[in-house]
Amino acid sequence: MKLRPIATNFTLKDHVYERLREAITEMDIYSADTDLRLDERSLAEQLEVSRTPLRDAIARLESEGLVSVVPRKGVFLLRKSLNEILEMIVAWAALESMAARIAATEATDAEIESLRKIASRHNDKESPTRISEYSDDNIKFHLRILEISHCALLKVMAEGLFLHMHAVRMRAMGEGDRIERSVVDHAEIIEALEARDADAAAARVREHTMRLHEHVRKTWTRLELAQKDKAKTA
């Protein structure tokens, strides 16, 4: 995990929390190679803070279900179970499809065009080989749909799912033909928004996210996730 030092002119404990959460968001926590254990000493050194605000931040992250403090073993990033992941994807599909429905009538032409600018970076044959870059832009695309709906509550609700949805999308993006399919889906979503067709926009977003649901349901297994968690926390 890589962290930036804390600026001393801000409330320390809040910014330690923000830095940690930001760093966790950028990690692929569902990858088999990810070390789920957090080294408190290393974190404190990177942030250039004492253990007290760090432990306050860890306690806050634990209350949000992002980390688990295991007595005599340490602090570990917390993966969701397969059933929890599938439920989160369904919830995200509901939130984002409603955001798309609203955006179809409320977003400006310039805001919809901003989605095309994000998508246009990956209209070449090399996109499937640039998994990390595409994964980042994919997240930006979906968050942008929430933003241009101008429904603050939808965005706030989605933020509660964002960390794990980000990690799930990061892992899934490199599997099978997910990138090629995603590029096509994004183009169809943009076309529906440009046509100001609220029903079609909502449907395209919902179908796109539920394809992720189907992919995870078929290719990820409870045993696989459980074994990885056990190996990392042993």
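This is a predicted model: local features need pLDDT of at least 70, side-chain atom pairs count only at pLDDT 80 or more; totals for chains, interfaces and linings use all residues.
Arg-121, Asp-137 and Lys-140 are joined to one another in a network of salt bridges.

- Asp-109 and Arg-196 meet through their side chains in a salt bridge, with 2.7 Å from N to O.
- Asp-109 belongs to helix 5 (residues 109-119), while Arg-196 sits in the loop between helix 8 (178-194) and helix 9 (198-219), so this pair ties together parts that are 87 residues apart in sequence.
- Asp-109 is exposed, at 59% relative accessibility, whereas Arg-196 is partly exposed, at 31%.

**Salt bridges inside a helix**

- In helix 8, Arg-181 and Asp-185 are 4 residues apart, which is about one helical turn.
- Their side chains form a salt bridge of 2.6 Å, N to O.
- The closest N and O atoms of the Lys-218 and Glu-214 salt bridge are 3.5 Å apart.
- Lys-218 is exposed, with a relative accessible area of 60%, and Glu-214 is partly exposed, with 29%.

**A nonpolar patch on the surface**

- Charged side chains are not the whole story: Leu-153, Val-156 and Met-157 form a nonpolar patch on the surface.
- Together these three residues have about 300 Å² of accessible area.
- Met-157 can be found in helix 7 (residues 152-173), and Met-157 counts as partly exposed because its relative accessibility is 45%, between the 20% and 50% cut-offs.

**The chain as a whole**

- The chain has 10 helices and 3 strands.
- Reading from the N terminus, the order of elements is α-β-α-α-β-β-α-α-α-α-α-α-α.
- How much of the chain is buried? Of its 234 residues, 47% are buried.
- Among contacts with a separation of 6 or more, 76% are between residues 24 or more positions apart.
- The accessible surface of the chain is about 12,000 Å², and carbon and sulfur atoms account for 51% of that area.

Definitions and conventions
Residues are numbered from 1 along each chain as its sequence is written. Side-chain values use heavy atoms; hydrogens and water are left out. Helices (H or I, at least four residues) and strands (E, at least two) are DSSP runs, numbered from the N terminus. Buried means under 20% relative accessible area, exposed over 50%, partly exposed in between (1.4 Å probe, protein chains only). Contact means heavy atoms within 4.5 Å. Accessible areas come from the Shrake-Rupley method with a 1.4 Å probe; for residues, only the protein chains shown count as cover. Patches are made of residues with over 30% relative accessible area and no salt bridge: like charges are joined within 9 Å, nonpolar side chains (Val, Leu, Ile, Met, Phe, Trp, Tyr) within 5 Å. A salt bridge is a side-chain nitrogen of Lys or Arg within 4 Å of a carboxyl oxygen of Asp or Glu.
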